[in-house]
Amino acid sequence: MSDLWRLTAHEAHEKLREKEFSAVDLTQSVLERIEAVESKVNAYITTTPELALEQAKDADRRYANGTATPLTGIPVGVKDLIVTKGTRTTAGSKILENFIPPYDSHVYQQLRKAGAVMVGKANLDEFAMGSSTEHSAYGTTHNPWNLDLVPGGSSGGSAAAVAAGECLISLGSDTGGSIRQPSALCGVV
């Protein structure tokens with residue numbers, strides 16, 4: 001596994017722009033990181049590796065033709081409360097375990113317009129009704145800094161995914177999202 005998953009979104013954008021690596025390379029590194037640590041953290045309800053790689057290829061085309069934005073090619077986790085067309089959205093509930101939305105939410109439309117790469121749908125308390133991410137029908141999310149603890153918040157999957165290096169940024173609904181700072185990577189997982 002490459003260490004590209006350790007980059008901040010800003011660092012990754014700069015290096016993508018300078019063509020030091022491709023969006024596909026960055027996305028593959030994050031997907032390998034997810035595979036390596038997700039069983040311990042449980043940050044995601046659904047991962048989207050095929051979609052992510054397709055979006056990363058599109059991001060590389062945007063860099064090649066000069067239409068990239070600061071989010072183009074950046075691996076993003078999206079809280080599973082945010083509707084994403086064609087990708088299962090459960091809101092952390094078994095009631096919606098097979099729900100495939102026919103449209104995108106406005107916030108996800110904006111991510112797609114910017115060329116971001118969705119690597120998965122982040123875990124949350126069922127219907128975002130909680131403050132610990134312990135009450136998801138898909139299991140408790142663990143704090144990557146200490147796996148015996150929870151990340152807190154109904155958007156704990158989004159926060160844990162960033163802290164564990166399973167995405168570079170993520171969207172939640174209670175804090176608006178998480179962005180990893182250089183010192184925010186954990187050593188536990």
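## Buried and exposed sites in a predicted model

Ser-132 is buried, at 9% relative accessible area; buried means under 20%, exposed over 50% and partly exposed in between, with a 1.4 Å probe and protein chains only. This is a predicted model, in which local features need pLDDT of at least 70, side-chain atom pairs count only at pLDDT 80 or more, and totals for chains, interfaces and linings use all residues. Residues are numbered from 1 along each chain as its sequence is written, and side-chain values use heavy atoms, with hydrogens and water left out.

Ser-132 sits in the loop between E3 and H5; helices (H or I, at least four residues) and strands (E, at least two) are DSSP runs numbered from the N terminus. Its side chain makes a polar contact of 2.8 Å with that of Glu-134. Such a contact is a pair of N or O atoms within 3.5 Å; within protein, one must be able to donate a hydrogen and the other to accept it, and residues adjacent in sequence count only if both atoms are side-chain atoms. Not counting residues up to four places away in sequence, Ser-132 touches Asp-125, Val-150, Pro-151, Gly-152, Gly-153 and Ser-154, where contact means heavy atoms within 4.5 Å.

Met-129 is placed in the loop between strand E3 (117-122) and helix H5 (156-163), and Leu-7 in the segment before helix H1 (9-17).

| Residue | Relative accessible area | State |
|---|---|---|
| Met-129 | 66% | exposed |
| Leu-7 | 13% | buried |
| Ser-132 | 9% | buried |

H5 is largely enclosed by the rest of the structure, because seven of its eight residues are buried. Among them are Gly-156, Ser-158 and Val-162. Just after H5, Gly-165 has a positive phi of about 80°.

The largest nonpolar core has 38 residues, of which Leu-16, Leu-26, Tyr-44, Ile-74, Val-78, Leu-111 and Val-119 touch the most other members. A nonpolar core is a set of buried Ala, Val, Leu, Ile, Met, Phe, Trp, Tyr and Cys residues joined through side-chain atoms within 4.5 Å. Elements giving two or more residues to this core include helix H3 (49-65), strand E2 (75-79) and helix H4 (106-114). The largest share, seven residues, comes from H2. Leaving aside neighbours within four places in sequence, Leu-26 is in contact with Leu-4, Ala-12, Leu-16, Phe-21, Gly-73, Pro-75 and Leu-168.
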